[in-house]
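Please consult the sequence and structure shown here while reading.

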Amino acid sequence: MNETVKENSWIPLIVVACASFIIALDATFMNVSISQVVADLNTDVSTLQMIMSFYTLITAAFMLLSAKLQDIVGKKKLFLIGTALYGVGTFTASVSSSAAMLFVGWSVIEGIAGALMMPATISIISGTYSGEKRTIALAIVGVMGAIAAAVGPLFGGVMTTFFSWRYGFACELIIVFIILILQNKIPSFAPTESKSDLDITGSIISFVGLVLLVLGILMLSNDTSTSIVIIILGLIALTIFALFEIKRKRSGKVPLLDMDLFKDRNLRVGTTILLLSYLAMGGALFAVSLYLQSVLELNAFDTGLTTLPLTVGLLIFAVVAPSLTGKMKHKTIMAIGCIMSIIGCLILSYQFRLDTTTIELMPGLFVMGAGLGFLMALCTDISLINIPKESQNNASGINTTGQTLGESLGTAIIGIILILGVIGGIYTAVDIYAPEHSGDEQYHQDVYDYFQKVGNINEVKAENSTVVNIVDTIIQNAMAFVMQVTAIIMGIVFVLTFRLQDKHIKKQ
């Protein structure tokens with residue numbers, strides 16, 4: 001490590017935290033800008049959704065290879081290469097004149113760049129700080145991604161409503177320049193392996209496996225049967241990859257991924273917790289944003305403002321979490337965070353109706369965000385706490401892959417849950433308000449088709465009271481089901497926290 005950069009300086013943290021922020025922001029801020037982008041680039045919604053999905057897909061697919069490249073190229077050098085490449089991608093996206101140009105700039109170039117940067121952010125922090133400072137630094141870097149994901153709709157709403165979606169990418173480009181200007185403040189780390197150690201075969205197998213897995217996840221809402229087949233093929237490829245890596249290590253060669261790392265309980269459980277936490281947050285935000293825009297007909301800016309309490313709660317409690325580690329163990333604080341998030345989900349499960357006001361949603365969103373702040377702030381630190389320095393790069397790749405998969409899973413799985421909730425709501429509503437049609441499957445289908453076509457408050461209120469009551473019940477049931485499933489996911493995380501091996505962090 002470059003000794004000219006002292007551990008008591010927080011500048012390296014600020015620089016890599018900026019990188020974490022823009023990578024996560026990229027995955028969410030365009031969600032509220034879809035209609036404007038479609039008009040500007042003369043394309044269609046399905047094409048734009050494909051472009052957005054491929055950004056996540058490409059980032060996840062290159063994550064393990066990126067983690068290994070840190071050992072060969074050096075973590076700082078790889079981070080800066082990724083940053084420069086990200087700048088090229090975000091500039092290309094900002095000046096896009098067609099959907100194809102946006103795909104190349106955003107999905108391909110930024111996707112690869114994000115994969116190069118993400119594992120390096122964690123390993124740079126782990127190699128720069130120790131003890132309580134390491135806990136604080138990893139908490140900030142870890143939670144920056146969650147904050148960016150949560151604040152993305154508001155940021156996108158401001159850009160789209162008052163300026164242009166292109167300015168969103170331009171703002172990211174400014175942050176890229178700041179990172180590159182401050183690059184000398186990042187410690188240097190010498191490579192530990194040579195180019196001959198690169199596992200080409202393992203890289204190809206892992207790439208194919210991750211592409212199939214994430215692609216299958218992203219297709220869940222549209223074609224469930226095909227997506228399940230693709231997911232299974234992805235899991236088979238990843239199993240072959242794991243066996244190949246074990247064999248490669250036994251033969252005395254350097255593996256792309258050291259499978260022995262999974263013997264560490266904290267890394268294994270911590271990565272699972274991170275995956276489930278991002279799944280819960282991403283899915284809940286997607287469902288709430290969809291409700292606000294489709295049912296209450298809020299614009300992009302007002303949707304972002306309504307979800308802001310989740311971001312505020314997440315930020316406040318993430319900042320507080322490291323200061324509590326001197327008094328309580330990591331897993332205790334994380335368990336408390338799980339309970340808070342569950343309470344937030346249960347509060348929200350009663351709030352979604354046709355006449356709901358945005359003020360009514362804010363307490364539940366704040367409590368949920370606060371709990372996630374406790375959880376996400378400490379999860380990366382406890383995941384890597386037992387990993388030796390020489391394995392930090394590999395371990396950070398595993399951790400960030402879990403996070404990326406969680407983000408991908410959230411929207412896809414919640415989309416299916418929403419559909420199931422709507423179907424359940426139809427049965428309940430018809431039984432209550434139109435009992436004469438309780439066993440009429442065609443009537444149920446007609447209600448489902450009507451609900452898909454209408455959905456917003458003004459058009460529903462123009463109908464008779466029976467229709468209003470039926471639609472209101474469907475919305476309540478569907479959103480309550482989403483929040484209850486999210487609470488169950490956080491309950492699983494709560495149980496997993498007790499599997500973590502913990503210790504107090506010594507103050508420096």
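Phe374 has a relative accessibility of 7% and therefore counts as buried, a label given to residues under 20% relative accessible area, whereas exposed means over 50% and partly exposed lies in between (1.4 Å probe, protein chains only). The model is predicted, so local features need pLDDT of at least 70 and side-chain atom pairs count only at pLDDT 80 or more, while totals for chains, interfaces and linings use all residues. Residues are numbered from 1 along each chain as its sequence is written, and side-chain values use heavy atoms, with hydrogens and water left out.

**Aromatic pairs**

Phe374 forms an edge-to-face aromatic pair with Phe317, at 5.2 Å centre to centre and 80° between the planes. The rule pairs rings of Phe, Tyr and Trp (its six-membered ring) if their centres lie within 6.5 Å; planes under 30 degrees apart are stacked, over 60 edge-to-face, and the rest tilted. Because Phe317 lies in helix 12 (residues 300–324) and Phe374 in helix 14 (residues 358–384), the pair ties together parts that are 57 residues apart in sequence. Helices here are DSSP runs (H or I, at least four residues), numbered from the N terminus. Phe317, at a relative accessible area of 21%, is partly exposed.

By this rule the model holds 7 aromatic pairs. Among them is the tilted pair of Phe163 and Tyr167, with 5.9 Å centre to centre and 50° between the planes. Phe163 is exposed at 53% relative accessible area, and Tyr167 is partly exposed at 47%.

**Salt bridges**

Side chains of opposite charge can pair when their charged atoms come close. Taking a salt bridge as a side-chain nitrogen of Lys or Arg within 4 Å of a carboxyl oxygen of Asp or Glu, the count is 2. Both are listed below.

| Salt bridge | Closest N and O atoms |
|---|---|
| Lys249 and Asp260 | 2.6 Å |
| Asp260 and Lys263 | 3.4 Å |

The bridge between Lys249 and Asp260 links distant parts of the chain, 11 residues apart: Lys249 belongs to helix 10 (residues 224–250), and Asp260 to the loop between helix 10 and helix 11 (265–294). Lys249, Asp260 and Lys263 are linked in a network of salt bridges. As for accessibility, Lys249 is partly exposed at 34%, Asp260 is partly exposed at 35%, and Lys263 is exposed at 65%.

Which residues have the most contacts inside the largest nonpolar core? They are Phe79, Leu102, Trp106, Ile273 and Tyr291, in a core of 131 residues. Such a core is a set of buried Ala, Val, Leu, Ile, Met, Phe, Trp, Tyr and Cys residues joined through side-chain atoms within 4.5 Å. Helix 11 supplies the largest share of this core, 16 residues.

With contact meaning heavy atoms within 4.5 Å, Ile273 touches Met334, Leu375, Cys379, Val493, Leu496, Thr497 and Leu500, residues up to four places away in sequence not being counted. Asn266 is found in helix 11 and is buried, with a relative accessible area of 0%. Under the same exclusion of residues up to four places away in sequence, Asn266 touches Thr271, Ile382, Ser383, Ile385, Asn386, Leu500 and Gln501.

The model has 1 cavity of 30 Å³ or more. On a 1 Å grid over the protein atoms alone, a cavity is a set of points where a 1.4 Å probe fits but cannot get out, and lining residues have an atom within 4 Å of a point. Grid points are joined across faces, edges and corners, and a volume is the space filled by probe spheres set on the points. The largest cavity holds about 220 Å³ of space. Its lining comprises 19 residues, of which Ser20, Ile23, Met118, Gln403 and Glu407 lie nearest the centre. Two or more lining residues come from each of helix 1 (11–26), helix 3 (45–61), helix 6 (99–128), helix 7 (131–162) and helix 15 (392–433).

Helix 15 also contains Ile413, which is partly exposed at 26% relative accessible area. Ile413 touches Leu220 and Leu279, not counting residues up to four places away in sequence. Ile413 and Leu279 are 134 residues apart in sequence and 8.5 Å apart in space, C-alpha to C-alpha.

How values were computed:
On a 1 Å grid over the protein atoms alone, a cavity is a set of points where a 1.4 Å probe fits but cannot get out, and a pocket is an open set with protein on both sides within 12 Å along at least five of seven lines; lining residues have an atom within 4 Å of a point.
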